[in-house]
Amino acid sequence: MTHSPVSSALAAIGDWPVDHAAAVVVGHDGATYGTAGDQRARFRLASVTKPLAAYAVLVALEEGALELETPAGPDGATVHDLLAHTAGYDFGERTVRAAPRTRRIYSNAGFEVLGETLEEATEIPFGEYLDEAVLAPLGMTDTTLNGTPAAGAVSTAADLARFAAELMSPTLLAPESLQAASTVQFPGLPGVLPGFGRQSDNAWGLGFEIKAGKNPHWTGSANSARTFGHFGQAGTFLWVDPELRAACVALADRDFGPWAIEAWPPLSDAVVRALTAAR
């Protein structure tokens, strides 16, 4: 496969209404299929922090520091619920809006509690655990957690390409752990996908949003239903398409809004077309 078709597709970020942007596409073997923009430029990730945080928690689960059904958060909720946004917390506050596992309420507060739960179990600050368990082993030297596990990381396209490769060919987790994380947890729960409206089945894995049957969606129409990842309010996204065996990262310095809803799906579709044509 040549890199030029994918790089040509990614060049569309040059037309985005942002000051700076960077993008990269990687394969399951970690090979770079195409890039655009400065791969070492650092961007706020906002909620693209959550997959990184979730991966650290998955490592803790494998190490035995936590269990999925460890109680955490509101009465009746567990680590499982915090990862899957089914604990019942409000988006930004620790107000309980629903009983656990009755609705999918996307929650920053839940991920903050998740981080505190890991800290209590390991007696290690969450940022330190994230670095030791995920960032350092993957060589993500330009990534730092400057705030909460929900939205506080800063990173680069180059670093997130390393993480995306890990999400296709795991080295830090057993394959079955990653399979579970990218499989819908508590299927059939309604909820709101931020920016894209109410979903009758707001599919989510363990820290990863799953495309499933959602429409509209921030990925492309050509992305498979198994595509998983996350987007962030800072104008960032990362998706992994297991059927395509490739991942795409795009970072920008303009907050999510109508521009992103218009720009992101066509970029993803162009990437899928380029990859498919090159194979």
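Reply: Two strands count as paired if DSSP finds at least two bridges between them. Please keep in mind that this is a predicted model.

Me: Fine. How many bridges join β1 to β11, and in which direction do the strands run?

Reply: Strand β1 (residues 21-27) is joined to strand β11 (residues 246-252) by 7 bridges, and the two run antiparallel. Within this pairing, A23 stands opposite A250 of β11.

Me: What is the strand order of the open sheet?

Reply: The order is β2-β1-β11-β10-β9-β8, an open sheet of 6 strands with antiparallel pairing.

Me: And which strands stand at the edges?

Reply: The edges are formed by β2 and β8 (209-210). Each has a single partner strand, so one side of each is left without a neighbour in the sheet.

Me: Which helix lies across β10, and at what angle?

Reply: Helix α8 (residues 258-278) runs at about 35 degrees to β10 (236-241).

Me: Why does the pair of D142 and R40 tie parts together?

Reply: D142 lies in the loop between α5 (126-135) and β4 (144-145), while R40 lies in the loop between β2 (32-36) and β3 (43-44), so the pair ties together parts that are 102 residues apart in sequence.

Me: Is D142 buried or exposed? And R40, buried or exposed?

Reply: D142 is buried, at 17% relative accessibility, because the cut-off for buried is under 20%. R40 has a relative accessible area of 55% and is exposed.

Me: What does R94 meet in a salt bridge?

Reply: The side chain of R94 meets that of E116, at 2.7 Å from N to O. R94 lies in the loop between α3 (79-84) and α4 (108-122) and E116 in helix α4, so this pair links parts 22 residues apart in sequence. R94 is partly exposed at 42%, and E116 is partly exposed at 32%.

Me: Where do R162 and D159 lie?

Reply: Both lie in helix α6 (residues 157-168), 3 residues apart, about one turn of the helix. D159 is buried at 1% relative accessibility, whereas R162 is partly exposed at 37%.

Note on methods. Residues numbered from 1 in each chain as written. Predicted model: local features only at pLDDT ≥ 70, side-chain atom pairs only at ≥ 80, totals over all residues. Heavy atoms only, no water. Helix = DSSP H or I, 4+ residues; strand = E, 2+ residues; numbered from the N terminus. Buried < 20%, exposed > 50% of the residue type's maximum accessible area, 1.4 Å probe, protein only. Salt bridge = Lys/Arg side-chain N within 4 Å of Asp/Glu carboxyl O. Contact = heavy atoms within 4.5 Å. Axes fitted to C-alpha atoms, helices over the stretch in contact; angles between N-to-C directions.
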